[in-house]
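Here's a friendly walk through one protein model. Have a look at the fold first, then read on.

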Amino acid sequence: MRPFVSIGELPAASPSGSDDPCVDIWWWAFDPNGDWRALAVFLTAEERKRAAEFRFEKDALAFAAGRYLQRRSLSVHLGLAIDDLHIVAGQHGKPFLAGHENEISFNLTNTHGLVAFAISRSATSLGIDAEPLKTPIEPEASLMFCSAAERQVVAASKEAERASLLVAYWTIKESFLKAMGTGLLVDPAELTVQLEDGSIRIDRALSEDEAWHHRLLVTPSGHSIAVSARSPARKLLFRQFEFSGQ
């Protein structure tokens, strides 16, 4: 079972928008050996302080790269200068853009070697998560986030497919819970992800008033990206933009 779609198969995103309801995914496979201080000029004083407090340079770099990507994407989509973007944390830490709360939804994720940012004017809730596709997940650890039904699927799968299947379950649940903005109030093991015939569905729907849309993508850098979006639109177009760092 390979639930992932190559991110390059998605249509290219355009700042001019789309006539169809859509979600844009900006992603950047940054150099993991870079120096986060090269991006410091694009960060706020608080963000620079947070970056400097990381114990490991790789974590500081991923944090800085993510914040830079987020500001660049918001600036392009809203036509605002980077310095005019005031991103604040709401309930459970979910960020929003002051003055544009009802205009746009967005979410950010960072991991070693990749940052990704989802943004939409069509989604009322939006979440994104990323992990290296070859992230080792021990069977004992999977008990913390897999439902009984998912563990049965993993056990019945070919051994070569189990690792990517666990990453799929984990990232989809993370993106969904980030979209919900519930923090740790929901146990991931209470959710069951169904991967059938190319479709992705979560059995426990926490809201039925709008449609949920999920995507599992893989990048050339070997990372998994999961996106979850809730929208009144029954169909959502997912688009992608590979950021170069410039």
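## Before you start

This is a predicted model, where local features need pLDDT of at least 70, side-chain atom pairs count only at pLDDT 80 or more, and totals for chains, interfaces and linings use all residues. Residues are numbered from 1 along each chain as its sequence is written, and side-chain values use heavy atoms, leaving out hydrogens and water.

## The sheet with strand 1

Here, 4 strands make an open sheet with mixed pairing, in the order 1-10-11-7. Strand 1 (5-6) and strand 7 (125-132) are at the edges with a single partner strand each, so one side of each has no neighbour in the sheet. (Strands are DSSP runs of E, at least two residues, and helices are runs of H or I, at least four, numbered from the N terminus; a pair needs at least two DSSP bridges.)

Strand 1 runs parallel to strand 10 (residues 211-218), and 2 bridges join them. Val5 has Leu217 as its bridge partner in strand 10. Helix 5 (residues 159-180) lies across strand 7, strand 10 and strand 11 (223-231), at about 150 degrees to strand 7. (Angles run from 0 to 180 degrees between N-to-C directions of axes fitted to C-alpha atoms, for helices over the stretch in contact, with contact meaning heavy atoms within 4.5 Å.)

## The sheet with strand 5

Another open sheet of 4 strands goes 5-6-2-12, again with mixed pairing. Strand 5 (105-111) and strand 12 (237-242) sit at its edges, each pairing on one side only. From one strand to the next, the twist averages 15 degrees.

Strand 5 and strand 6 (residues 114-120) run antiparallel, joined by 7 bridges; Asn110 is opposite Val115 in strand 6. Helix 2 (residues 57-78) lies across strand 2 (22-28), strand 5 and strand 6, at about 30 degrees to strand 6.
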